[in-house]
Amino acid sequence: MKSVKIILKPKKEESLFRFHPWVFSGAIQKMDGEPNEGDVVDVYTSRNEYCATGHYQIGSIAVRVFSFEQIQPTYAFWRDKIALAYKMRKSLGLVDKEKNNTYRLVHGEGDSLPGLIIDVYNHTAVLQAHSVGMHAIRKDLAKAIVEVMEGQVTDVFYKSESTLPFKSNVVSEDGYLIGKCSDECIAMENGLLFHVDWLKGQKTGFFVDQRENRSLLEKYAKGRSVLNMFCYTGGFSFYAMRGGAKLVHSVDSSAKAIELTRQNVELNFPNDPRHEAYALDAFKYLDDMEDGKYDLIILDPPAFAKHRDVLRNALQGYKKLNAKAFEKIRPGGVLFTFSCSQAVNKEQFRLAVFSAAAMSGRNVRILHQLTQPADHPVNIYHPEGEYLKGLVLYVE
Ligand code: SAH
């Protein structure tokens with residue numbers, strides 16, 4: 001089948017010649033045919049030179065490019081891309097039966113597979129499509145995952161109900177594409193165990209992107225009183241406990257998340273009295289909290305800004321939240337503070353935290369500047385892929 005040809009307006013090819021993988025709808029002059037959403041299209045300059053091949057989509061990003069060479073993608077094309085991604089994760093030491101079976105196998109543009117996320121939890125891969133093009137080939141992708149993973153992955157769960165573009169007419173029908181996790185679905189990260197609920201949980205079931213930041217926290221935990229605010233399923237909490245924390249309090253507004261946190265802590269540290277979990281609102285908890293109760297605080301809120309137009313409010317939100325922590329953390333305390341909003345850049349986040357520190361009048365030093373781990377790589381030609389920012393601060 002011949003791909004539909006998309007012809008750009010003059011000069012609109014420049015970003016593609018720098019390998020940026022998106023074509024915005026406003027850059028298109030005309031289409032030689034009528035593509036359906038999810039179809040493979042070829043992009044040409046106004047002078048009729050070939051630029052790129054990608055999936056077509058109605059909306060602001062009209063084409064998500066997966067090749068800068070003219071190809072008709074076959075099953076082998078997708079399989080080889082997944083194999084490359086797997087090879088990279090193996091070289092990072094993330095595929096380790098004894099210690100770690102949780103990692104991101106494919107991170108969209110970062111792995112030259114725009115619109116596709118794949119997270120691995122033990123023998124299950126959770127596949128998430130953010131474009132109709134990736135949705136259309138989900139069965140091939142599932143087959144390719146099992147083929148390249150050398151028996152490490154036997155089940156593939158598809159979860160795209162909330163990530164497919166809402167304007168498209170496609171219905172995700174989440175469920176297993178291959179196999180089924182018949183046991184308890186327990187995965188391991190750096191030797192710690194946790195239940196994953198990809199069916200009902202947030203994202204693909206776990207926040208895989210905090211693995212290395214959790215490891216760093218473990219090193220700071222010894223003898224400290226820890227508050228894990230926005231704990232979700234308790235990731236930072238069980239690292240803090242392994243690190244020798246005196247006590248760990250996990251807080252999240254979701255009762256379901258708190259239940260999972262309790263189960264996960266129990267899985268790793270049965271009957272350990274150091275841990276308590278509370279289903280409460282973060283702002284209320286911080287307001288009611290006595291001064292100096294904790295000397296290690298984690299603030300990992302949900303994305304306050306999902307779009308650029310709400311940026312101002314989001315920055316105010318970060319400022320308000322961090323100000324409460326600066327006000328109450330014990331002298332000599334350490335604050336791990338994060339933003340996962342893609343719309344907020346590193347400098348803006350730092351400025352919000354800086355303003356919060358200034359309000360408290362305390363002496364604050366930056367110990368570490370954190371980001372997303374290597375299995376969430378940023379394509380150098382697509383800086384928009386950088387989203388996780390964190391600061392570790394020493395508060396006198
Ligand atoms: N730190 C977690 C991920 C946090 S995701 C990890 O390592 O896995 C953000 C969490 O914030 C979600 O679980 C959500 O339920 C919670 N949340 C959202 N608004 C909140 C609020 N106002 N107070 C407390 N928790 C909130």
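## Basis of the model

Because the model is predicted, local features are given for a pLDDT of at least 70 and side-chain atom pairs count only at pLDDT 80 or more, while totals for chains, interfaces and linings use all residues. Residues are numbered from 1 along each chain as its sequence is written, and side-chain values use heavy atoms, with hydrogens and water left out.

## The nonpolar cores

In soluble globular proteins, nonpolar side chains tend to be buried together. A nonpolar core is a set of buried Ala, Val, Leu, Ile, Met, Phe, Trp, Tyr and Cys residues joined through side-chain atoms within 4.5 Å, where buried means under 20% relative accessible area, exposed means over 50%, and partly exposed lies in between (1.4 Å probe, protein chains only). The largest such core has 34 residues, and Tyr121, Trp198 and Phe336 have the most contacts inside it. At least two residues of this core come from each of β13, α5 (211-220), α6 (235-242), β17 and β18 (333-339); these elements are DSSP runs numbered from the N terminus, with helices (H or I) of at least four residues and strands (E) of at least two. Helix α6 gives the largest share of this core, 5 residues.

What does tyrosine 121 touch, not counting residues up to four places away in sequence? With contact meaning heavy atoms within 4.5 Å, its partners include Asn101, Val126, Phe194, Trp198 and Phe206. Apart from this core lies another, of 31 residues, among them Leu286, Leu321, Ile329 and Ala343.

## Salt bridges across the chain

Side chains of opposite charge can pair when their charged atoms come close. A salt bridge is a side-chain nitrogen of Lys or Arg within 4 Å of a carboxyl oxygen of Asp or Glu, and a search of the whole structure finds 19 of them. In one of these, the side chains of lysine 90 and glutamate 150 meet at 3.2 Å, N to O. This pair links distant parts of the chain, 60 residues apart, with lysine 90 in helix α2 (residues 75-91) and glutamate 150 in the loop between α4 (138-148) and β10 (155-158). Lysine 90 is partly exposed, at 36% relative accessibility, whereas glutamate 150 is exposed, at 53%.

Arginine 211 forms a salt bridge with aspartate 375, their closest N and O atoms being 2.8 Å apart. Arginine 211 belongs to helix α5 and aspartate 375 to the loop between β19 (364-370) and β20 (389-395), so the pair ties together parts 164 residues apart in sequence. Arginine 211 is buried, with a relative accessible area of 2%, and aspartate 375 is buried too, at 0%. Lysine 346 and glutamate 386 also form a salt bridge, with closest N and O atoms 3.6 Å apart. Lysine 346 is in helix α10 (residues 346-360) and glutamate 386 is in the loop between β19 and β20, so this pair ties together parts that are 40 residues apart in sequence. Lysine 346 is partly exposed, at 45%, and glutamate 386 is partly exposed, at 34%.

## A buried asparagine and a loop lysine

Is asparagine 264 buried or exposed? Asparagine 264, in helix α7 (residues 255-268), is buried, with a relative accessible area of 0%. A polar atom of its side chain lies 2.8 Å from the backbone nitrogen of histidine 195. Asparagine 264 touches Leu193, Phe194, His195, Thr233 and Phe238, not counting residues up to four places away in sequence.

Lysine 293 is found in the loop between α8 (282-288) and β17 (296-299), and is partly exposed, with a relative accessible area of 30%. Beyond residues up to four places away in sequence, lysine 293 touches Ser225, His249, Tyr285, Lys328 and Arg330.

## Positive phi values

Most residues other than glycine have a negative phi. Lysine 11, although not a glycine, has a positive phi of about 70°; this residue lies in the loop between β1 (4-8) and α1 and is exposed, with a relative accessible area of 62%. Asparagine 190 also has a positive phi, near 45°, and is placed in the loop between β12 (186-189) and β13 (192-195), where asparagine 190 is buried, with a relative accessible area of 18%.

How values were computed:
Polar contact = N/O pair within 3.5 Å; in protein donor to acceptor, adjacent residues only side chain to side chain.
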